[in-house]
Amino acid sequence: MNKRIYHTRPLSSRPKQAIQLLWVAVLLLGAIPVFSQVKDPTLDLKKLSVEELMNIEVTSVSKSPEKLTEVASAIQVITNEDIKRSAATRLPEALRLAPNLQVAQSNSHDWAITARGFNGAPLQNNTLADKLLVMIDGRSVYTPLFGGVFWDVQNVMLEDIDRVEVVSGPGGTLWGANAVNGVINIITKSASQTQGLLATAMPGSFLEDRIGVRYGGRIDSNLYFRVYGQHFDQATSHLPNGNDAQDQWNMTQGGFRADYAPGSRDQLMIQGDFYGGKEDTAGRTEVDGQDIVAKWSHRYSHAGELVVQAYFDRTWRNLTKSVFTDRVNSYDLDIQRNFSLNRKNRIICGITYRYQQDQVNNTPTLLFTPETKDLQLFSGFVQDQVSIIAHRLDLTLGTKLLHNDYTGFEWQPSVRMAWTPSLNNTLWAAVSRAVRTPSRLDVEAKTPTIVTPPGSFLSENVISYELGYRLRPVENLNFSIATFYNDYHDLRSINTNQPGPPAFIFANGQKAQTWGLEISGNAVISEGWRLRGGYTFMNKQFQKTSPNVISGSDLFEGIDPNNQVLIQSITDLGRHLRFDWTGRYVDNLVQSSLTAGVPSYITLDARIAWDAKHYTISIAGQNLLQHYHAEFGTRQIPSSVYARICVRF
Amino acid sequence: MHAQAPSAREYQVKAVFLFNFSHFVEWPSSAFGSAESPMTIGVLGNNPFGSYLEQAVAGETMDGRKLVIRYCSDIKEALGCQMLFINTPGRTKEVLAALSGKSILTVGDGEDFAKNGGMIQFYLANNKTRIKINLTAAKAANITISSKLLRLAEIVE
C-alpha cells in the first residue's frame, strides 16, 4: 500500500497573493540592468574556472549556423546556458525555450510537443503527436506504437546537455523517418567537458525533490568518462474541480559516457542509460528502459568524414490497472559519409538499418494484432551541396529513400537554396516532401469500436514550401524569420465502417493545409543582460476526401494554438547574483467532441541565483501567474517553487 | 566553411587563460630575481590582445608577486619574462629554439606551436578554446605544470 500521502492543496489565497506580488516586484527590479557594475567582459571571464573558460563560444554569444543544411532551415538552438538560466527541471520544460516548438504539459508526467501543428487530440490526457523526430545523441526516441514520444522517460540530466537543436520543418532527407514537421536533436556534452564532481539537490512544491550526481574522470590521455545518477519525485496535477488527479510519479535514472580520441582523426563514443519509475497512485504505471549507443567518427585528410553509429534501446511500460504492457527492443545501425567531390560539390550520403521488436500484452479494450511484431526499416539518402557562387549562393539537392514493412518504398526529396548577399545576411528557400509511415496504432490497433482492415492504411505525406531570412546586424544581435506553407495529403481520419459493425476504422480520408510564421531572436542588450525569445503564428484548414470521415476527425489529429510568444531574460547583477525570468503566452485550444477547450494563458517562471566558483544556490518559481492552469486537456498544472543547491569540484 | 577573423572575445578569453596559467604552473626559483620580483607576462611579436592582458591582471597577485605585462620587441627583452606569448608567424621555430632550456612558459596559437617545442598551444574546436601541452618542452625548462591543467589538455610529444 502506498504510504506516502501527496498533499498539494492550494495555499490559502492571501500568502499566495503576497508571494506573487513579491515576484512581480523582484521582476521589475531585475529588469533594469543598472545594477550591473561590470563594464568590461574580462572581469566576467576571470570568475570562471579553466573548464568553464573552455566552454565559452569565442565568435559570438549566439552563433549563426554554419552547416548549409542548417542555414537553409528554420533551426533554433537552446544552449546549456539558456537551460541553466531558466527554471526548467526536466527535458520537456527545457524544450519550452525553443520558440518554434509547441510544448504543452498534459498532466504531471505527460507532454504534448510538436512543431507547426498536429498536437494530436488528448485521449485521457495522453497526446498522439506523431510528426516530430526526436533524437538524443543520434538515438531516435519515438515509439513505433503510435509514432510519438513518451516524454516521461526522456530524462537526460539537464546539466549534461550541450545544446538542443530544434529544426521546424521537414527533415526527411537528412534525418531519419518521422521527421515530417520537425526534428529535435538533443546533444549531450562530451565526457571531457563534464569532468570532476557535480551534485545537485532540489526540494520543491510540484517537483517535490530531485537529486543528481555526476562524476567525470580521465583514465588515459585521450580517454575521458563520466557516470551519473538522478532521482526525482513529482507531485500530482489537479482536476478542474480542485481535487488531486492522482498522477504523481517518480523516476530514477543513471548512465555513463566515455569518449576516446586515439588520434587527431578518430573519435569513439560509448554511452548508456538505464531508468525505472512508477507513475500514478499505487504505482499504476511502471516503466523501465535501457539503452547503449556507440559511435565512431573518422576524419579524412581532405575534409571528408565517416561516421558509424549503432545502438540498442529497450523500453518497457506496464499499465497495471488495465494490464496493458508494451515492450520495444530496437537495434539500429547508421553509416554516414561526407566528402567533397570537387571544389563546388559537397556530398553527404548514408544508410540506416533499424530492427524493432514490439511486444504487447493485449487487454479487452485495446488490442494490437499480432501481439508481437517485428519491424524493419531500411533507408538511404544522398545530398549534394552545390556552391554556385562561392560564399554567396548555395543549392542543396537531396533525397531519402526508405523501405518500411507497412507501405514499402517512400521517397523524401528536398531542394534548398541559400543566398548570402552580404555578410551575416541570408535569405533561404526550400521545397521538401516528407512522409509519416504508419505506426502500429494506425494499422494493427483494435478497440471495441475501431477495427482497421489490414494493409489499408497509407503513409501520410506533406509537401512543404518554406522561405526564411536570417540577419546578424551586429555581433551581439541576431534574429531569424521563417515562413511556411505545408500541403498535407492522406492524413489519418476516423471513418465510419460501412457496412457496419464495428463502428469505425482508421483511414487516410483527410487533407490539410497549414501556414505560419516563426520569428526568433537573441540579443545582448548590455553587458550582463541578454534577451532571447520569439513569436510563432500558425493556422490550418482541413478537408475530407471521403464521405465516411466522421466529424471531429480533424481535431483528433491536431489541436494547436494560433499564436505563442516566448521571452527569456537573463541578467547578471554583479559578480555573483543572477536574475532570470521566462514569460510565455499561448493561445487557446478549441473544444472538440473528445476534449474540453483550453483557454489562452500567460505564465511566468523566475529564478534568483547566487553563482560562486564551486556552488550555485538558487530559488525558482514556475507558472507563477495563476494557482493552476491547463495547457492540454483538463488537468491543471499548479504554480510551484523550488530551491536548489548545486556543487561542483 | 570560411575561416573567420578572430573576434575580440577570442583574445579576451586567451588573456584570461594566460592569467590562469600562472596558478597552474611552478617555476624554479632561479626564474625570478628575488622573492619580491614581479611575475612578468610578455608578448613577443604582434600584440593581438589590445589591453585585455592588463585588464586580466589588474589588481591580481600570484604567490605574493605583482603581475606585470611587457611587450617585447626582441628575444633579449623576452628573456626577462616568466610567461611569454609568442606571435611571430614565420619565425616561431627559431624563436622557440633560442628560448629552449630557459625557464619561460611559452604559449602560442600557431598551428604547429606545440610540435615545434612550444609548451602550451591554443586551438579552437567547435568554436571553443582548447589547449595542447608539450610536456617534454616544459620538463626541459624545469617548469612543472599541475595535473589539474594537464587533465584538460591534449598532451603532445
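This is a predicted model: local features need pLDDT of at least 70, side-chain atom pairs count only at pLDDT 80 or more; totals for chains, interfaces and linings use all residues.
1. On volume, the largest cavity comes to about 510 Å³. The structure holds 9 cavities of 30 Å³ or more.

2. Which strands supply the lining? In chain A, at least two residues each come from β5 (139-140), β10 (223-234), β11 (249-260), β12 (266-279), β13 (285-299), β14 (305-319), β15 (324-342) and β16 (345-361). The most is given by β14(A), with 5 residues.

3. Over in chain B, you will find an open sheet of 8 strands with mixed pairing, in the order β3-β4-β2-β5-β6-β7-β8-β10. The edges are taken by β3 (61-62) and β10 (154-156) of chain B; each has a single partner strand, so one side of each is left without a neighbour in the sheet.

4. Helix α4 (residues 92-99) of chain B packs on this sheet, where it touches β2 (39-45), β5 (83-87) and β6 (105-108) of chain B. The helix direction makes about 160 degrees with that of β5(B).

5. One pairing in the sheet to look at is β7 (residues 120-125) with β8 (residues 128-134), both of chain B: the two run antiparallel and are joined by 6 bridges. Within this pair, B:Phe122 has B:Ile131 in β8(B) as its bridge partner. As background, strands of a sheet pair through backbone hydrogen bonds, either parallel or antiparallel.

Conventions
Residues are numbered from 1 along each chain as its sequence is written. Chains are lettered from A and ligands numbered from 1 in the order in which they are written. Side-chain values use heavy atoms; hydrogens and water are left out. On a 1 Å grid over the protein atoms alone, a cavity is a set of points where a 1.4 Å probe fits but cannot get out, and a pocket is an open set with protein on both sides within 12 Å along at least five of seven lines; lining residues have an atom within 4 Å of a point. Grid points are joined across faces, edges and corners, and a volume is the space filled by probe spheres set on the points. Helices (H or I, at least four residues) and strands (E, at least two) are DSSP runs, numbered from the N terminus. Two strands pair if DSSP finds at least two bridges between them. Contact means heavy atoms within 4.5 Å. Axes are lines fitted to C-alpha atoms, for helices over the stretch in contact, and angles run from 0 to 180 degrees between N-to-C directions.
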